[in-house]
Amino acid sequence: MPAVAITVPGVGESISEGILSRWLKPDGSLVKSGEPIFELETDKTNNVVTATATGVLKVSVAEGETVEIGATVGSIDPDAQPSAGSTAPAAASAKASSTDSSAKASPAPALAATSSPGTNGGVGAGLAPSVRRIVAEENVDPSQVEGTGRGGRITKGDVVAHLASPKGAPAAAPAPAAPTTAPAPAASAPAPSSSARPRETRQRMSGIRQKIAQRLVEVQHTAAILTTFNEADMSKIMDLRAKYKDTFKTKHGVPLGFMSFFVKATIEALKAFPAVNGRVDGTDLVLNNVYDIGVAVSTERGLMVPVIRDADKLSFAGIEKAIGAYAVKAREGTISVGDLQGGTFTITNGGVFGSLLSTPILNPPQSGILGMHTIQKRPVAVEDQVVIRPMMYLALSYDHRIVDGREAVSFLVRIKESLESPERLMLEI
């Protein structure tokens, strides 16, 4: 039977390429149909690609390479026999293979053989390309590094922290003998420290970080972004949460958070000002008749925006359950491309990190994004009296090509009114 080509599958209508981040099976090994063989990293999420046939794997694209959707990255030969060297690095090049051969010919310490950063069968198995790179450059034994990533995986930060510790610092190379005519060093010159950290560390940006950077720059160049600000008194919402949070959790099984109030308030404002729920498509203005609200989530891999579908049809409990489910997926790294596509408006909460005020950037092709911030007690005037209230600054960034200033300001005022009078959300007025 002829060999079966391994191609990069489509993972979303807006994704044209990705990074082959890791081969899960070594070159020359036997793989079974349906077995995971490599990871594809895109600007949205990680995807595990499975084998479509049973046979011997032949790798043709190295880890860390950018590949287009539909490109061939290897093949599976049903008639071939697994090679004896199938435990060699999965993405090894010809040069790496010759280096491995010469390494086997010469005696080497057992530790070095098991801690080779690219060896699938050794301690370095499963490391991300950026981690393997710094491990190789700094001559670090991965078995001595404590992993803090998901599932105990070693992250780049773990290696850097290990290098910074006295026990993890690489031994200093012996200094060459100085010429006899060389002047003696000044007495005040500090002696080099074997535990000193390098002045800089260079690493390749992850695929998702590259795409985030690209998209953020693109939206700045293609949209007319303006931001308007307001503030909301959070007293009534905080009183409601304090009064009913235990009953709510007992009945619905999820905590009552602030985000459900903001999602509800945003939907009411979008209904009143539909242009904010639209987008520009060439010379057309597209107004969405659905309310698919994206909620920005910070993860180890970068910012992701999972979408709550038809949020206008959900109750407070339904919204909180959807947010909770996405939080679990974010922690486990199982958010799919489908979870991230099709949003019509985005809400981002910088307040969880202590942000007092910021100007959020649009999530293209959307025309609006609401920024929440930290709740801070401040003196405010209420009926000509100065009182202390828990206040939150609100920020709305919008595309001025489709949303006028009056609409944007009125939109944010509508959200403010809904938050300060949450009974309006209950009655949908």
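**What is the order of the four strands in the open sheet, and is their pairing parallel or antiparallel?** In this predicted model, the order is E1-E8-E6-E3, and the pairing is antiparallel. Strand E1 (4–7) and strand E3 (30–31) sit at the edges, each pairing on one side only. Strands of a sheet in general hold on to each other through backbone hydrogen bonds.

**A closer look at strand E8 and its partners.** On one side, E8 (residues 72–77) meets E6 (residues 55–59) in an antiparallel pairing over four bridges. Look for Leu 57 opposite Ile 76 in E8, and for Val 56 opposite Asp 77 in E8. E1 also pairs with E8 in the antiparallel sense, again over four bridges. Here Ala 5 has Ser 75 of E8 as its bridge partner.

**Who pairs with E17?** Strand E16 runs parallel to E17, and four bridges join the two.

**Helix H10 and its buried side.** H10 takes in 16 residues (405–420), which at 1.5 Å a residue should span 22 Å; the end C-alpha atoms are 23 Å apart, so the two values agree. Its buried residues are Glu 407, Ala 408, Phe 411, Leu 412, Arg 414, Ile 415, Ser 418 and Leu 419. They cover an arc of only 150° around the axis, which puts them on the same side of H10. The spacing makes sense: an α-helix has 3.6 residues a turn, so residues three or four places apart point the same way.

The structure holds seven salt bridges, and here are two of them. Arg 22 and Glu 39 form one, with their closest N and O atoms 3.0 Å apart. This pair links distant parts of the chain, since Arg 22 is in strand E2 (residues 17–23) and Glu 39 is in strand E4 (residues 36–41), 17 residues apart. Arg 22 counts as buried at 15% relative accessibility, and so does Glu 39 at 13%. Glu 35 lies in the loop between E3 and E4 and Lys 25 in the loop between E2 and E3, so the pair ties together parts that are 10 residues apart in sequence.

The side chains of Arg 401 and Asp 399 come together at 2.7 Å, N to O. Asp 399 is buried, with a relative accessible area of 2%, whereas Arg 401 is partly exposed at 45%.

Phe 229, Leu 356 and Leu 357 make a nonpolar surface patch of about 260 Å². Leu 356 belongs to the loop between strand E16 (345–349) and strand E17 (368–372). With 34% relative accessibility, Leu 356 counts as partly exposed.

Definitions and conventions
Residues numbered from 1 in each chain as written. Predicted model: local features only at pLDDT ≥ 70, side-chain atom pairs only at ≥ 80, totals over all residues. Heavy atoms only, no water. Expected span 1.5 Å × (residues − 1). Buried < 20%, exposed > 50% of the residue type's maximum accessible area, 1.4 Å probe, protein only. Arc of directions from axis to C-beta. Pairing = 2+ DSSP bridges. Patch = residues over 30% accessible without salt bridge, like charges linked within 9 Å, V, L, I, M, F, W, Y side chains within 5 Å. Areas by Shrake-Rupley, 256 points an atom, 1.4 Å probe, with all protein chains shown as cover. Salt bridge = Lys/Arg side-chain N within 4 Å of Asp/Glu carboxyl O.
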